[in-house]
Each structure stands twice: as C-alpha cells, then as structure tokens.
Amino acid sequence: MIIRPHKSSLQLLFVWHGSILRRILPQLGIVFVISVFCVLATPWWAHLFPGEVLNLQPFTLMGLALAIFLGFRNSVSYNRFWEARQHWGSLLINARSLTRQVLSLVSPLHADCRRHMVNGQIAFAHSLRHQLRNDDAQADLDRLLPAEVAARIGSARFKPAMLLLWLGETASQAHRHGWISDLQLQSMDRSLCTLSEVVGACERIAGTPIPYTYHVLLNRTVMVYCLLLPMALSSSIGWLTPLISTFIAYTFFGLDEIGEEIADPFGVQPNDLALGAICHTIETSLREMLDDGDALPLEPEPRHFVLH
Amino acid sequence: MIIRPHKSSLQLLFVWHGSILRRILPQLGIVFVISVFCVLATPWWAHLFPGEVLNLQPFTLMGLALAIFLGFRNSVSYNRFWEARQHWGSLLINARSLTRQVLSLVSPLHADCRRHMVNGQIAFAHSLRHQLRNDDAQADLDRLLPAEVAARIGSARFKPAMLLLWLGETASQAHRHGWISDLQLQSMDRSLCTLSEVVGACERIAGTPIPYTYHVLLNRTVMVYCLLLPMALSSSIGWLTPLISTFIAYTFFGLDEIGEEIADPFGVQPNDLALGAICHTIETSLREMLDDGDALPLEPEPRHFVLH
Amino acid sequence: MIIRPHKSSLQLLFVWHGSILRRILPQLGIVFVISVFCVLATPWWAHLFPGEVLNLQPFTLMGLALAIFLGFRNSVSYNRFWEARQHWGSLLINARSLTRQVLSLVSPLHADCRRHMVNGQIAFAHSLRHQLRNDDAQADLDRLLPAEVAARIGSARFKPAMLLLWLGETASQAHRHGWISDLQLQSMDRSLCTLSEVVGACERIAGTPIPYTYHVLLNRTVMVYCLLLPMALSSSIGWLTPLISTFIAYTFFGLDEIGEEIADPFGVQPNDLALGAICHTIETSLREMLDDGDALPLEPEPRHFVLH
Amino acid sequence: MIIRPHKSSLQLLFVWHGSILRRILPQLGIVFVISVFCVLATPWWAHLFPGEVLNLQPFTLMGLALAIFLGFRNSVSYNRFWEARQHWGSLLINARSLTRQVLSLVSPLHADCRRHMVNGQIAFAHSLRHQLRNDDAQADLDRLLPAEVAARIGSARFKPAMLLLWLGETASQAHRHGWISDLQLQSMDRSLCTLSEVVGACERIAGTPIPYTYHVLLNRTVMVYCLLLPMALSSSIGWLTPLISTFIAYTFFGLDEIGEEIADPFGVQPNDLALGAICHTIETSLREMLDDGDALPLEPEPRHFVLH
Amino acid sequence: MIIRPHKSSLQLLFVWHGSILRRILPQLGIVFVISVFCVLATPWWAHLFPGEVLNLQPFTLMGLALAIFLGFRNSVSYNRFWEARQHWGSLLINARSLTRQVLSLVSPLHADCRRHMVNGQIAFAHSLRHQLRNDDAQADLDRLLPAEVAARIGSARFKPAMLLLWLGETASQAHRHGWISDLQLQSMDRSLCTLSEVVGACERIAGTPIPYTYHVLLNRTVMVYCLLLPMALSSSIGWLTPLISTFIAYTFFGLDEIGEEIADPFGVQPNDLALGAICHTIETSLREMLDDGDALPLEPEPRHFVLH
C-alpha cells in the first residue's frame, strides 16, 4: 500500500500500529515478563548453580545464523514486493501502449472496436486484481464489458487469461475487416503477450511462497534467541535488562513480521500493494486517452488512512 | 513444492519433520552426546592440561568463513529455485500466448490443427517435467498426441525439443495451407523460441550443480564448527551446553540442508517445485481456452500433504 | 544531482553541508550533550546502583539488526536512484533512435512532420520532468509544440502519456500520407513503446516508496542505538566518550539520511538526479541532429553550485 | 566441470584432492609449522617481552576487510561462472531454435542447405570451445564443413565470427533462391544475432579478468591473516593452536582458491565448465533433429573422473 | 585495463605499485608515525589520565558502518566497471552482427556502401572511446571516413550519435536504391538502436558518479578509523602496534582506492578498461570480415606494461 498522500506522522503511526506493532505485542510482552523474572531470579540461581551462568558469547554465534536468515528473508521478501510492483507497472505501461496503438491505428469510425479494446484492458486490470485477492470480479466485468462477454468471462476459472483471449479475438476481427494491417495486428499481439506475462508473473508470485522451511527455521531461531536473551543479559546489566531485551526483541520480531507481510504483496494489509489505487490510475489514464465523454472515476477513498 | 492449500500448522510440521529435521537428526544427536561428554570431562581436562582450554574466540574467526559460505550457498540455492520457477512460469505464459495466437488466427474450421497445437503444448509441459525427473513420459504423450507422433517423440533422446520441432512443422504446414499468414507464422515461431529457452534453461539448472568444491568446503566447516563448539562452551556455561550447542547446530545444519534441497529444484522433496501442480494449471488453462467440451482434469492429490 | 563539473572540494563541502550535515546536526548535538552528561554522571550512578552498568555487549546484538536494516535500505535506495537514472538514460537513447529513424526515413520535404516529431520528444522529456517534480510544464509545452496541441496536452492529467499519443498520431498520419512504410511505422511504434516504459517506470518509482514500516523500524533502531551508546561508552573510555560517540552517530545518521535522500531520486536536493541537466542534454543532442538552424540552448546554470 | 554422473564420494574426494587441496597444501604446511613454533616459543617470548603479546582482537578488525574481499570475490567469481554457463546454455537453445526454423521452413528437397546450416552450428560450438581454450579447431572444422569452407574458416583469427558470417551467407543464398521468405530470413538472422552475442560474451568473460588489484589485496590479506593467527592463538589455547589455526587457514585458502578457479570458467580444471560435454549435447540434439542417418557421437569419456 | 598478456608477477607488482600503493603510501606513513608515537606515549598517558584509555570495543561498532560503506562502494564500483565492459562487449557483438547483415545482404557490387557501413562502425567505436576520455577523435575519423563526412562529424558535439545518424542515412539510401529490402533495413535499424544504447549507457556511467556524499562519508570513516586505531592497539599489543595497524590501514585504504579507481572505468589508470585494446579487436574483427585486402592494424603496444 502507498500511503504517500497521508504523510502526517500521527496517522502513519496509527497505521503502523494497526499492522506490525499490534501483531508483535504478545511476543514483546512475553520477553518483557521473562526479563523481569530473570533479573529477580539471578541472585537465587547464582547461589544454587554457581558457574552455570549464561553469558552473551553464544548469542554472537547464534547471531551469525540469524543474520543470514533475516537478511536473506528480508531481501527476498522485498524483491517479491518490488517484482510484483514492477509487473503492475508493466501492466499500466502496456495498457497505455496498446491503447495508443488502437487509437492511432483504428479509425474513429469504428468507435465500438476502440471502446471494446480499451475497456477490455481496464476490465483486465480489475479482474487480475480480484483474482489475486480472491474477490468477485463480476461487478467490474458487468460495468465495462458487453453483457454476453461479461457472462462468459465471469464463469471462467482463469478470467484474465480469457479476457486476453477475447481482446485477441477482437483485434483479429478488426484485422479481418481490414481496419488494421497484418503488421499492426502483430504489434498489438506483442502488447497482449506482455500483458499475458504480467498475469503469469503475478500468479507465480502469489502461488509460490518462500519455501516454508525457511519460515520455520527463521521463526524458531528468532524465538529462541529472544527468549534466552534476558537470561544472559540479566547477569550482566541487571535492571536495564527488561528495557534492552524488549527493544532488541522489537527489532527482530518487527523485521520478521514486515518480511512476512510484504512477501505476499497482493494482500490488503497496510504494507501491501495498493492494487485498487493502481487500477484506478490505469482506468483514469486509459479513459483520458479514449476521451469518451464519460466522467472520470472518483479518487479511491482510503480506509483507516490506507489505500487498498 | 507449494503447500499453500494445506496451511494447518500440524500438517506442515509433519511435512517439515519428514524432510529436513529427519535428515539432520543424526548430526544433532552426535552434537548432543559430545556436549554431555564435554561437560563431564571439563574438570578432569582442566586438571590434566591447565591452560589448554578452548574458548569461544576462534569460533568468531571460523564464523567469518562460515557466514560467507552459508550466505553464498543460501542465496545461490534460492536463486536456482526461483529461476527454475520463473522458467516454468514463462512456460505457462507462453503456452497461453501461443494458444491465444492459434485460437484467434486459425479459423475454427481447422479444428484438428487447433487441437494439435494446444495439446502439443500440454504434452510439451508434461514431457519436460518427466525429463527433469527422469520419469517415463509415454503415458502423457499417448494421451495427448496422435499415435504415430507419440511413438516418434517417445523414442527420442530430447523429447521436449522434438515436440517443439513437431509444433513448428504443424505451424509451418498451416502456413503452407494458407491458414495463417507469413507474419502470423513468425509470431508463433517467436513463442516457440521462448518455449525452447525454457527447455534449455531447465536443462542447464538440472545439469550444472553448484561447484562440488563449495559443497565439500561448506560441509566440513559446518561439521568441524559444530563438533568443536561443545568443547568451548562447556568451560564457560556448564550444563547449559547441551541445550545451546544443539540449538546452534540445529540452525546451521538446517540452513545447510535446506540449501542443498532447493539447489536442485526439480526433485520430489517437500521443498522442491510442484511441477505436477504447475503442469495441471497449464493443462486446465489451455483446455479452458480451447473449450473442447472434454471434462477438465481433476485437481492433483497431495501425497503426505505435499503436492509434487 | 551530478556535481561533476564543480569538483573543487570547498564548494562540494559547502554543498554537502547544505544537504546532509545540516539536517543531522540536531541529532548529533543531542548525542554530544548526552555523552557529556553520561561521563559526569558515571561515578554518581556507579555509587548508587552498583552492578547496574550498561556495557557494550548489547550493542553488538543490536548492531546485527542495524546492519541488516542499514545495508538493506542503503542498497534499495541506491537501486532506486540508479534505476531512475537508467530510465532517463533510456529516454535519451530512445529519443535519439526515434530521431534517427525520423530523419533517415521521412524525406526533408516534410519538414513540419520532422520538426513535430523531434520537438514533441523534447517536450515529452520536459513534461515528464515537470510531472515528477510537480512543476508547471506549460512554458516548455508552449515553446516546443503547436499552440492547439500545447493547450490540449497542458490540460491533461497524464501529460507525458498524452504526448506519446500525439506522437503516435503524427507518425500514423505520416504513414497514411505514404511518407513512411508500414514497417517503418512499426519501428517508430517500438521506440514510442520504450518511451512509454520510461514514463511508467518513473511513475512507479515516484509513487511507490520503500514500505514505510522499514523507515519507522530503521529510524527507531538508529535513534535508540545512538542515544544509549554514550551510557555504555562512558564507563569504559571516560572523557573520550563525546568524541567517539558523536562520530559513530555521525556515520549512522549520515547513512540513514543519504539513504532517505536518494530513495526519492526525483527531488531537487543536491544528491538527487539532475533532471534539468539531462533534459538539456536531450534537447541539445536532438536539435543538433535535426540541425534546424536555431541556436542551441544555453548550458544550465548551477544554483548554489548544484545542477538541478 | 559437471561431475554429476560420478557421484561416488571416493572418486569426488579424489577429484577434489587433485584440484584444490593439493594446491593449498604448501600454505597449510607453513601455517602448521608456524603454529608449532609459536606454541613452543610462547613462554620464552612472554618472559622476554612482557606485555607485548598479540591477542585475537586485531583479527576481528582484519576480519572485516577479509570478509568484504572474500565475499566479493566469491560472488563475482561465481557470477562469471554462471554467466558463462548461461551463455553456453543460450548457445544450445538458439542452435535448436535455428535448426527448428531451418527444418520446418526449408523444404527437405534442399538437403544440402539444411545439412550445411545444422553442421555449421555444430562446428560453431566446437570452434568457440577451441578458441576459449586456445586449442586447434581444425579437426572439428574438417569433420563438419565442406573442405574449402573449413580451410577459409581455419585460417581466420576470429573463427566463430567467420562461421556466423558463412551461416548468414548460406541463409541469404537460400533466400535468393526463393527457398525461404524475407520474413523467415529475418527470423534466422535474429537467431544468428543471438549466437553472435554468445561469442561476444564469452570473449568478454575470458578477456576481462577481475581487476588484478583485488587479487593482490586479497592474497596478501589472507596470507598475513593466516600467518599471524598462530601467534595470537598460542597464548590463548596452547597446544590446540596447530589444529585450529590449520583448519581456519584451510577454509580461507580453500575459499580463495575455489574463487580463483571458477573466475576463469573456460579452463580444464575440475571445477570449470565441461565445454566438451556441452558441445556433445549440442551435437547430439541437433543431429537427432536433423535425423540424417549417421550414428550419433559417443558419450564423452571422463578423464580422471572429470568431464572436460 | 586488462593485463592478461603480461602476467609475470614482477611487472604486475610494478604496475600495481604504480597505481594503488603509490597513492596510499602517504596515509600509510601517517598511520605508522602515529602508531610509534602512541606506543611511546602510552605509559605517560596512563599515568596522567588513569581510566581514560581507548580500547578496541568502539572499533567493532564503527566497523559496522565501515563494513556497510566499503561493501556497498565496492560492489557498486565493480558493477559500474562490469556494466561498462558489457556495453563495450555489446558494441563488438552488434558491430559484428551489423557487418554480417551488411555483407550477406548488400551485394559485393556496391563495394562503397559496404565499406562505408563497416568503416563507419569502426569510426564509431573510436569516437566513443575518444569522447569518454576527452581525447581528439579527428585522426581516427579522417582515417576511416570520407573527407566531408569526417569534417561534419568532427565538428559535432555528440560525435557518436551523429555517426549513427550517418550510418542510418547510408542504410536508408541503400534501401532507396533497392539494394536492401524494407525488412532488411529494419534489421539494420535494430542493430543501430543497440549501438545507440551503448552510447547512452556509457554516457550515463561517465556522467553520473556514485553520489558524492557516499564518497565523503566513506573517506572520513576510514580516515578516523585508521587514525584512532593505533591509540586503541598500543595499550593492548605494545610494539606490535605499528606493524598491525599499518597493515589494517593498508587493506582499508587499498579497498577504498581500488573502489574509487574502477568506479570511473573509462580512465587510463591501470585498473580501468583497456578501451584502446577493445577498439583494436573491433577494428581487426570487422576488417577480417570485410576482407578488404588492407593489412590488419598492428597489436596495440602496452605502455609501462599496461594496455590502455
């Protein structure tokens, strides 16, 4: 999600609270309680088992594996997020290019064909968004496509792919009517291929999470690290332990949580991609190019200060 | 493998147990036994060889090489996994694009040609999967291709490449019959070239493992590191040694094992790519586009909660 | 911004002062004051709470998360900066290629068409710059385009996209007049597609900041790290604390600040891209190719020693 | 080199011994001797120069530069190795695509043209291999090409580039005879361009080593680090020094050596690319597609358990 | 620069001395002097300010920022170096492809056109080299181009771009004369577009250095780190300080210097790209393909054992 337009820090703090901090609060609480307990128990433990005190040295060793796990997960998650964003950017770019081709090649006399090609792309963007979020795309399809096409597409399993098939058939028909040349059909076909790549890439990102074993290994290492930490700190820095160990746990759990959140960038959490806003940009930009007299759609409303 | 649809943690734990933990249990056991032995031997050793005690400092130095090895192996393995996934995604994308081209360019009158082109691509996906897993592709070839073609492809050494050759000949024939234009043949040829890239890239990943020397160096470093660790820890944290050193060994051996598993992403282990499920998506999507009246294939059944 | 031509260190120092150091001075001041206070308070604290002294060990643990955050943010920011630069480089490359195509394919008899195509691209570069910086593009549009076109583009929401649409129409017209062949129109269309990619990519970079949560996590970790540091150092190195801790804070705050500055590379801060200078290069190079007798534009003037 | 088919660990151990371990044995021996000497000299030194004892702290500082050097060299070397592998994969892919184009477009009546195009590509792969390894390509050229062509190519300085020129002329001739259309010639030309990219990229990798200064800096840092290490360890862990410091030296020298070996991936050392085996795959696959009745070539024989 | 052919270590040592070591010698000298002074002053200081001794702990913290800076700068610099090399490789590849197209498509009857196209590309490579190094390209232009063209190009601001314009016009003329078809003109145009990309990319690398602030931050951190180091070491390892701290300074200053040198890969320092040698390869290879009877140019002479 892009929270650009609402950059007042109070709202953002709220948003952030709403997403990451709220989810890691239980773990932080546990670390805090254990810290207090460890500080209280230290003299008693030292009395009972002299020489069995945990110091900070093993944490440097564990830190090694942790740094590899967290750094790896972090960059992989961000790459997934950014790759997804790039493909949606590519969707906008190619929709504009295809629209430019349609508008400059197909004569304004064939208004229906022009309108179908442009609205078909808008519907394509919306249906891809709905597929990635497991929403119902029917309302957008009905709004943008001829009735029988909307019905046919609506009943398909892979709606965006079927929409591209329909766009391909429409372009092919325009070619058979002699409205566009063989070469111009090929140019449009190339744009359709790129849109097809966007669908495939988004399905790939949505359908292939980071191998689950990484998740398990990372979670366990962070957990053990943060739970053992107070034991080692309490014998060394005393009552500063709860403060320091909760803060260290906050950074590690936060890093883990944000990584998990953006690894699946098509959700509706505050740090996910604002697919709704991107679809809105696509619709506005294509309609402006088509210049069909209709009012442009309204700006999307943020919910809880966050665009979705 | 994608375990998306079965995200209950109990099953996943089972899966994970079945793959990584089971394989590193022997090493963990050895580390645990050595730890206990070291704690018991520490006073005796200190008595016999005063001043010859191993402390944790050399482990920071070894940790340097270990971090470079493990971080490198980890990211290289994941890149191989992800590159393989991207090529299979590209297979889906291009199969859809080629199907779209076939269906919008070749008239429905030539139903045989359309069916051959689409089924040929489905057979191509299956035969690539079988080649990468050293399975027998004949059943899928017989199911999808005309009998004499299935026989010819089935006896070839490089089945997917021969299938692309056959698809190229079929398209070329359609062109000679005048069903598609010169330019449309070129568009299809470009899609065939991309499918050819997928074959070549998958063969490259399957045939060129990470240089074996890395494997040897990494395994030895991890092994020596984890076996010496209890000696150093026991003189410092006493009876906490078995717990801590087994946990540290768990993270390092686990990181080593997962890296080795996903470095060869075409296997049938739980963290490998679910080629079967991807082939199923390709078959379903292409058949839906072809709309040939046949029932779509059933969803693949997970074995031991894992798709293959 | 590129400060190549003014490499005298005094000016650069000034520039740098003007941007990074000035913004982190308040934080550095706070760290310095806290350092002095800690050194003075150390004996008094040690007397009151013996055994409650913060040492440097927890900072190694915090340093782990910090290194991951800072390294990640740093490379992501630079990649955004460099990707933006690459797209503007691609703009120059494709503008030159399209101009070469126009000049070698369209006969000099159709001087208007040639001039429109070339000036349209210059206007495109300027309008993209103005859109990314939220400036008013009208002056440049009026200077370079026919009056009615300048008015139409000036009132659009997505000016660069509309300009490409106009360029596409102009090329399409040239094709209808028979000045360029079908194939040559396709070549130009491909160049327009690449220009469209530049617009989309720049909009993507400008519109999708690094997830805000990273920003919050990073800022807090750096802040807590630098504020606690003097407490730990004062008990160990005494009056050297203010010097050392201010210097360490300087490197961390500086690294944070530069990362934030170049993460949004389209601004007008000294380390941002000198879009004005790049636009000037594009205009000069294209006009030189067109060779239209007009004087080439003047070199852009640096403000405060910095090109914008 | 790919040692896939010989995965018995004994042979691999042998191979590995033959390559890396044998070359770093002298350095390891020196470190071992110095270690023993240091342990013996420690009491004597401590007596003579009290307070002048080297501890392990400076090694953490040196370790910083070492980690940057080794990590950098390691990933750069591997990237060179993998990029080289990708280009050879691309050679296979494009040779297959071009063969597919030739076989489906050129009628079987023109058997000579088909055979020349296919054999020319096989000769191209072999001559590129020989150029990269500074071998004599004449035997393979004579075997695959018409006599006068083999003579002309054999006397050229840049054999693969001249072969592509000949393939381009052959295709151009087929076009002049009317066997392939203008558009089909263009498709083949594109494949030839990609083969040209492979040549250029391999020449680039072979001709531009990692800047030599990195080599010097890295070698010296590793050397000084490993030679000073025993002095610091001996005062701390006594007679365990020879064991530990030799092992640490083994990992660093091994990492340095493997990096150097795969940085130049076209050699004939065990970890280099098995260009011979790849050429064999290309020849087998293309001949199978051509189906010219000749026996397919034999599998390449591993020398000392290693394919070359 | 590629020093491949002169790999005797004595010469290389000389080269290396000439470039990196000579430039960092002053800094190393300062560190050495400060080290000696610190060792002498340590007892006196400890007597005067007991408890105010700098130990090595703050250096671990500073090392964090240093590792991020140096690692980042190192990889960014190398990527610039390697990207520049790739573009020059791409220049060779595309010059060969365009030459192959010219030679196989344009009949030998039109010898002038063939010679102009090939020599124009050689002149293009030389003029790009001269532009990147701010040399005078006139001698090479006069040698390779017709007189009036050499004069026109020689007076242009962006010589390589103007040369591509001239090549485009020459190809366009060949098309108007009917020597090449529409489609073949398009193929050549695509090669010209790629050459245009090479120019743009090289201008981008040469014109956009790494943000200057990184340079300032890195230099200061390295400087402060190395100057404070002796103070901390002297109290711990005594008279070994000058040796160890000079060596550590050597690695850090060397890493800084090599990074700065290859970040601007178009210079004439020993580690820069040997553009002269690459241009020579391009000229030799293209002339061999053209086979115009002239003697091939001589091998470039290394100056001070270094190719430029």
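pLDDT is the predictor's confidence in each residue, from 0 to 100. This is a predicted model: local features need pLDDT of at least 70, side-chain atom pairs count only at pLDDT 80 or more, and totals for chains, interfaces and linings use all residues. Residues are numbered from 1 along each chain as its sequence is written, while chains are lettered from A and ligands numbered from 1 in the order in which they are written.

**View 1. Confidence along chain A.** Chain A has a mean pLDDT of 84. In chain A, 87% of residues reach 70 or more. Helices here are DSSP runs (H or I, at least four residues), numbered from the N terminus. Confidence in chain A is highest in helix H3 (residues 111-133), at a mean of 92, and lowest in helix H1 (residues 9-48), at 78.

View 2. Over residues 1-8 of chain A, pLDDT stays under 50. The model has 23 contacts (C-beta atoms, placed from the backbone, within 7 Å) beyond four places in sequence for these residues. Where pLDDT is low, the predicted coordinates should not be read in detail.

**View 3. Chain A against chain B.** Here 46 residues of chain A are in contact with 51 residues of chain B. On the chain A side, H7(A) gives the most, with 12 residues.

Notes:
Contact = placed C-beta atoms within 7 Å. Helix = DSSP H or I, 4+ residues; strand = E, 2+ residues; numbered from the N terminus.
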